Amino acid sequence: RCPFSEAVAELLADKRFAQCGVSTVVNLHHITSVENEGIIFDSGERMFLSKRICRELRAAWNNYWIMQES
């Protein structure tokens, strides 16, 4: 047993992943949209998040796709 942050540290070293909340990690490659209230995945599923987390996640998502195009 270990803290969540320790368990996902290796995963978060990969720029495809971002932590959004205390116990949630998402794969940025599978997000199709980041809105004010949440995110939409390529499967059509929606995850509701706080506006603050959405702002942070939008920045990470944009940076991820900019790096993919480089």
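Is R52 buried, partly exposed or exposed? R52 counts as partly exposed, because its relative accessibility is 47%; buried means under 20% relative accessible area, exposed over 50%, and partly exposed in between (1.4 Å probe, protein chains only).

## Basis of the report

This is a predicted model, in which local features need pLDDT of at least 70 and side-chain atom pairs count only at pLDDT 80 or more, while totals for chains, interfaces and linings use all residues. Residues are numbered from 1 along each chain as its sequence is written, and side-chain values use heavy atoms, with hydrogens and water left out.

## Overall layout

The chain has three helices and five strands. Helices (H or I, at least four residues) and strands (E, at least two) are DSSP runs, numbered from the N terminus. Along the sequence, these elements follow the pattern α-α-β-β-β-β-β-α. The chain is as compact as a globular protein of its length, because its radius of gyration is 12 Å, close to the 11 Å that the globule rule gives for 70 residues. The radius is taken over C-alpha atoms, and the globule rule is 2.2 Å times the number of residues to the power 0.38.

Taken along the principal axes, the C-alpha atoms fill a box of roughly 35 × 30 × 25 Å. Of the 70 residues in the chain, 27% are buried. The chain exposes about 5000 Å², and carbon and sulfur atoms supply 52% of that area. Accessible areas come from the Shrake-Rupley method with a 1.4 Å probe; for residues, only the protein chains shown count as cover. Among contacts (heavy atoms within 4.5 Å) with a separation of 6 or more, 26% are between residues 24 or more positions apart.

## The nonpolar core

A nonpolar core is a set of buried Ala, Val, Leu, Ile, Met, Phe, Trp, Tyr and Cys residues joined through side-chain atoms within 4.5 Å. In soluble globular proteins, nonpolar side chains tend to be buried together. Here the largest nonpolar core has 14 residues, and those with the most contacts inside it are V26, L28, I31, I39, L49 and L57. The elements that give two or more residues to this core are β3, β4 and α3. Helix α3 supplies the largest share, five residues.

Which residues does I39 touch? Leaving aside residues up to four places away in sequence, I39 touches V26, I31, S33, V34, E45, R46, M47, L49 and L57.

F41 is found in strand β4. F41 counts as buried because its relative accessibility is 17%. Not counting residues up to four places away in sequence, F41 touches V26, H30, I31, T32 and M47. The C-alpha atoms of F41 and L28 are separated by 9.0 Å, with the two residues 13 residues apart along the chain.

A59 is found in helix α3. A59 is partly exposed, with a relative accessible area of 39%. The C-alpha atoms of A59 and V34 are separated by 9.6 Å, and these residues are 25 residues apart along the chain.

## Salt bridges

A salt bridge is a side-chain nitrogen of Lys or Arg within 4 Å of a carboxyl oxygen of Asp or Glu. By this rule there are three salt bridges. R52 and E56 form one of them, at 2.9 Å from N to O. Both residues lie in helix α3 (residues 51-69), four residues apart, about one turn of the helix. E56 is partly exposed, with a relative accessible area of 46%.

R46 pairs with E35 in a salt bridge, with the closest N and O atoms 2.7 Å apart. This pair links distant parts of the chain: R46 is in strand β5 (residues 46-48), and E35 is in the loop between β3 (31-34) and β4 (38-41), eleven residues apart. R46 counts as partly exposed at 41% relative accessibility, and E35 is partly exposed at 24%. R16 forms a salt bridge with D14, where the closest N and O atoms are 2.5 Å apart. R16 is partly exposed at 38% relative accessibility, as is D14 at 25%.

## The aromatic pair

Rings of Phe, Tyr and Trp (its six-membered ring) pair if their centres lie within 6.5 Å; planes under 30 degrees apart count as stacked, over 60 as edge-to-face and the rest as tilted. By this rule there is one aromatic pair. The ring centres of Y64 and W65 are 5.0 Å apart and their planes are at 75 degrees, so the pair is edge-to-face. Y64 counts as buried at 6% relative accessibility, whereas W65 is partly exposed, with a relative accessible area of 28%.
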